[in-house]
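Have the viewer open while you read.

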Amino acid sequence: METDRPDGRTPNQLRPLACSCSILHRAHGSASWAQGETKVLAAVYGPKAGTKKNENPEKASIEVIWKPKTGQIGKLEKEYEMILKRTLESICIRTIYPNTTTSVIVQVVHDDGALLPCAINAACTALVDAGIPLKHLAVAICCSVTDSGCIILDPTKEEEEKMKAYINLVFPNTIVSVLPERSSQVGSEPMAHGIMTSVTQGAMSVDDYLHCLDRGRAASARLSEFVRKNIGPKSTWLGRMGFLCR
Amino acid sequence: METKSTSSFTNLVDQSVCPGDVVLDLSKMINQTIKLGGGLRQDCDAISVMKAGRLRFSKPHKYWVENSQKRYVPYAEDSVLGIVVDSRSDNFLVDIKGPTLAFLPVLAFEGGTRRNIPRFEIGTLIYVRVIKANPGMNPELSCTDASGKAAEFGALKDGYMFECTTGQSRMLLSSPTCPVLDALGKKLSFEIAVGLNGRVWVDAASPHTTIVVANAIMNSETLSGAQQRIMVEKLLQRIQ
């Protein structure tokens, strides 16, 4: 039975994606990521000298600061900061700049559901823009389960409030490789099928969880292509000339 | 084997790559020595990418990823523009936009002795050479070239310094001459110093010329060669 979504999307359809890099002048790397109405702006500063207390002096530290749209930082924002920090630590090569700290500031511009995956995508894109050495990229996606057992991708806030459960998943991006296909796999699966982060809300059965994984992997392949296209250098000649001729 | 190796070489060279991409397979390269530049790392028999950019190759067997970023990674023998932030008894502390401050020994000048230590106020802009850049240590700078002569190094007085990305500074320093500098040089007289850390210093007889040159360079980052010449011509028409 098909679920009727308020914005007319099919269950497997993502909202329109938009991504811009190098938009902040003072930050060493910056990116804005929008999925539908949800929009997050991420800035990266560093690596800078010095570490915080109790940090490892043999590795680079990553500090994540979450800025909500309104109000003060609460427990939910602290949890988001911790999840983001762990995810970014797992993709960065931290031994290259020992005894330094890299700050990632995440500013929520608008929240219309699937906020944490949007923030993770923005932060990863900002790290690439800043030139931080990375093992691979990460792509994040949100799947949700309705009361009737249907699985839909990328829910809006309105849909999130009606869902029985939803799950935020982070996968490595798909890579281009000159190795034979079998060599770049871990066991019998490609590396892009590994799970880096999984955060669930609500209760769901094991079968629903596995179905969410399958949908998430399929969506992460599309997200990987989108990220790869946007990371490359782009020309804004027309915009520049418009500015000059004003 | 030969054909497969050839196809491997030409597969990803001069293409955009992302972190995680595997660009070389060492198990297929028998009795070959390759040199890895910035942006690449070795993971067992695979060479993978650490930074997004364009994969480059130069004979024989040098690979690197050409990327553009605001933060500078110090390498030995780079020429950079630094700002003096402090002076100690043995060293000047210089900001070169790297992860840590760099040391400029007080004796690292042409004819430098204990009796004639140069005086640099905090905030002085100097053109220096990186002589040591080891991980985990502060970089060490020098104001002389390898033979001990001052050459083009030293303090830069007056003028205007602005910042760009490391990719743009490499473009400005490339040979043949960058199109924007070539077009500007035909019409205007100015002096310029480009550091590989993304700092550019411009000086001219009048502030008007300095501002025109600085604006032209700042606007040329995302333009191709022909577009740069067109932009400079339009800019010069407006000011005449």
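What follows covers the contact between the chains and then the pocket.

Keep in mind that this is a predicted model. Let's start with the contact: chain B puts in 40 residues and chain A puts in 44 residues. Together the two chains bury about 3,200 Å², and 60% of that is on carbon and sulfur atoms. On the chain B side, B:Lys70, B:Arg71 and B:Thr222 supply 18% of the area buried against chain A, more than any other three residues.

For polar links, there are nine residue pairs in polar contact between chain B and chain A (both at pLDDT 80 or more). One salt bridge turns up across the interface: B:Asp21 pairs with A:Arg228, with the closest N and O atoms 3.0 Å apart.

Which parts of chain B touch chain A? Helix 1 (2-12), strand 2 (22-25), strand 5 (46-49), helix 4 (207-219) and helix 5 (225-239) each supply at least two residues. Helix 5 of chain B gives the most, with five residues.

Now for the second largest pocket, which has a volume of about 980 Å³. It is lined by 39 residues, and the closest to its centre are A:Tyr97, B:Tyr72, B:Val73, B:Pro74 and B:Tyr75. Strand 7 (62-66) and helix 2 (166-173) of chain B each supply at least two lining residues, with strand 7 of chain B giving the most, at three residues.

Here is how both sets of residues split by class:

Key:
Residues numbered from 1 in each chain as written. Chains lettered and ligands numbered in written order. Predicted model: local features only at pLDDT ≥ 70, side-chain atom pairs only at ≥ 80, totals over all residues. Heavy atoms only, no water. Contact = heavy atoms within 4.5 Å. Buried area = accessible area lost by both parts, 1.4 Å probe. Salt bridge = Lys/Arg side-chain N within 4 Å of Asp/Glu carboxyl O. Polar contact = N/O pair within 3.5 Å; in protein donor to acceptor, adjacent residues only side chain to side chain. Helix = DSSP H or I, 4+ residues; strand = E, 2+ residues; numbered from the N terminus. 1 Å grid on protein atoms, 1.4 Å probe; cavity = no way out; pocket = protein on both sides within 12 Å on 5 of 7 lines; lining within 4 Å. Points joined across faces, edges and corners; volume = space filled by probe spheres on them.
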